[in-house]
Amino acid sequence: MTQTPFETAGAGRVDQMVDACVRCGKCVEVCPVTGPAGMAEAEPVAVITGVLDILRGGKGPDASRQWASACVLSGECIKACDYGVNPRFLLAMARTAMARAANEEPAMRRRGVEAFRTLSQGVNVLARLQLDDDTLDRLGQSGRKFTEHTEEAPDFVFYTGCNVLKTPHIALLALDIMDALNVTYRVMGGPTHCCGIQQLRAGDTQTFGRVASNTLDKLAQGKTGVLSWCPSCHVQFSEITIPAIEATRGSKPFEMTPFMRFLAARLDDLKPLLRERIDMRIALHRHPGIAGAMEAAEQILGAVPGIEIVELHQPAVGLQTASMRPLPQHKRELQRKELEAARAAGVDALVAVYHSDHRELCAHERDYPFRVLNVLEIVGASMGISEADHFKRLKLMQDADAIVADCTDLLDKHGIDAATARAVVAEAMLGE
């Protein structure tokens with residue numbers, strides 16, 4: 001099949017990085033998951049050489065395929081490279097190449113569609129278990145706000161991504177804080193504004209390019225750029241989509257800034273709003289994949305009166321909890337050790353930044369003597385702002401039938417049948 005200009009641009013960028021790579025192996029040496037991925041004894045130079053072979057159409061050795069498949073997007077490899085290569089990008093493209101080598105085009109397209117439908121159903125149902133129409137509209141999920149354009153462009157487009165809508169209180173708090181800072185914004189996100197990650201994972205690069213480009217064009221409405229919430233969407237756009245669009249169109253469409261870094265840059269404006277003292281000893285659940293995001297979160301929390309940040313001395317691995325999916329046993333062990341360390345430290349709360357971290361950790365409140373919160377809940381509390389965490393309240397029930405019964409009124413209002421809701425709750429809420 002003939003490549004689209006988007007695919008050609010992406011392939012050209014791969015070729016440039018393959019040529020720039022000197023095969024020193026440092027990216028493999030610093031990777032935090034070579035051991036859990038079962039390739040601790042593999043020779044680093046051979047592993048990265050094999051990845052380059054995959055990218056050039058070869059099969060590559062088993063260790064190289066294992067490394068690509070087990071990538072959790074920590075980004076340590078990027079820091080280690082002295083030659084301007086982004087190994088995380090190359091591993092993403094190696095996974096795509098492996099998927100394309102193993103499947104025919106129709107099968108890849110079908111897999112991408114099925115994965116997208118599963119994601120969409122999970123997001124849409126879980127959001128509607130918790131929110132009424134007005135709140136869905138505020139989060140840009142009614143469709144109405146996408147066609148309502150004021151004469152003046154907003155300061156930013158706030159791009160939620162998809163999965164934060166499962167824990168909508170986090171996104172709502174971000175909007176509350178921007179309102180308090182007098183920042184104007186337009187909210188976009190959800191399955192209708194997908195980053196295309198499901199199609200790329202399936203190997204369907206043509207559909208990925210079309211989906212991602214369409215979303216990118218819709219996002220280019222802010223005067224100052226785009227604020228991203230979801231870290232996987234941020235990586236997808238900043239490391240894959242935007243460079244390809246820049247190469248095909250000759251200019252970068254906008255700057256995309258992670259919300260934590262945006263908020264830290266506005267800390268002088270935020271501090272006067274942090275009026276309420278929050279006397280808590282907290283530990284920050286960390287993932288290093290977005291450069292500066294955890295440092296920004298710590299800086300913001302440190303500005304809240306009364307907050308004491310306790311260091312648990314636990315490994316910070318991966319982009320977010322969801323990115324640890326290729327290594328489920330390793331993920332569980334890291335979580336168990338962190339929870340036990342938080343108990344031993346006597347913290348009042350374990351505080352996460354990203355939505356997938358909150359989804360997986362929040363129900364542990366049942367078994368541990370501390371709360372599980374999002375960083376924005378603490379910031380909001382100091383500002384006198386709160387949004388109900390219905391997701392945690394429901395997940396703590398640990399019973400799909402009880403959760404569906406609790407949400408009967410909203411299910412009826414949104415026209416969602418109980419059997420569909422029960423299946424989504426069992427998989428997308430209790431299954432994590």
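The model contains an open sheet of 4 strands, ordered β6-β5-β7-β8 and paired in parallel. Its edge strands, each pairing on one side only, are β6 (307–309) and β8 (371–374). This is a predicted model, in which local features need pLDDT of at least 70 and side-chain atom pairs count only at pLDDT 80 or more, while totals for chains, interfaces and linings use all residues. Residues are numbered from 1 along each chain as its sequence is written, and side-chain values use heavy atoms, with hydrogens and water left out.

**Sheet**

- Strands and helices are DSSP runs numbered from the N terminus (strands: E, at least two residues; helices: H or I, at least four), and two strands pair if DSSP finds at least two bridges between them.
- Strand β5 (residues 280–284) pairs with strand β7 (residues 349–352) in the parallel sense over 3 bridges.
- Opposite Leu 284 stands Val 351 in β7.

**Helix α6 against helix α12**

- The axes of α6 (residues 87–102) and α12 (residues 231–249) are 10 Å apart, and the helices pack at an angle of about 90 degrees.
- Helix α6 is therefore roughly perpendicular to α12 (65 to 115 degrees; under 35 is roughly parallel, over 145 roughly antiparallel, the rest oblique).
- Axes are lines fitted to C-alpha atoms, for helices over the stretch in contact, with angles from 0 to 180 degrees between N-to-C directions.
- From α6, Arg 88, Phe 89, Ala 92 and Met 93 meet Val 235, Glu 239 and Ile 240 of α12 (contact: heavy atoms within 4.5 Å).
- The residues of this contact are 5 nonpolar, no polar and 2 charged (nonpolar: Ala, Val, Leu, Ile, Met, Phe, Trp, Tyr, Cys and Pro; charged: Asp, Glu, Lys and Arg; polar: the others, Gly among them).

**Helix α11**

- The 15 residues of α11 (residues 205–219) should span 21 Å at 1.5 Å a residue, and the end C-alpha atoms are 21 Å apart, which agrees (expected span: 1.5 Å times one less than the number of residues).
- Buried residues of α11 include Phe 208, Ala 212, Leu 216 and Leu 219 (buried: under 20% relative accessible area; exposed: over 50%; partly exposed: in between; 1.4 Å probe, protein chains only).

- Arg 23, in the loop between α1 (5–20) and α2 (26–30), has a positive phi near 60 degrees.
- With a relative accessible area of 28%, Arg 23 is partly exposed.
- His 313, in the loop between β6 and α16 (328–345), has a positive phi of about 55 degrees.
- His 313 counts as exposed, at 67% relative accessibility.
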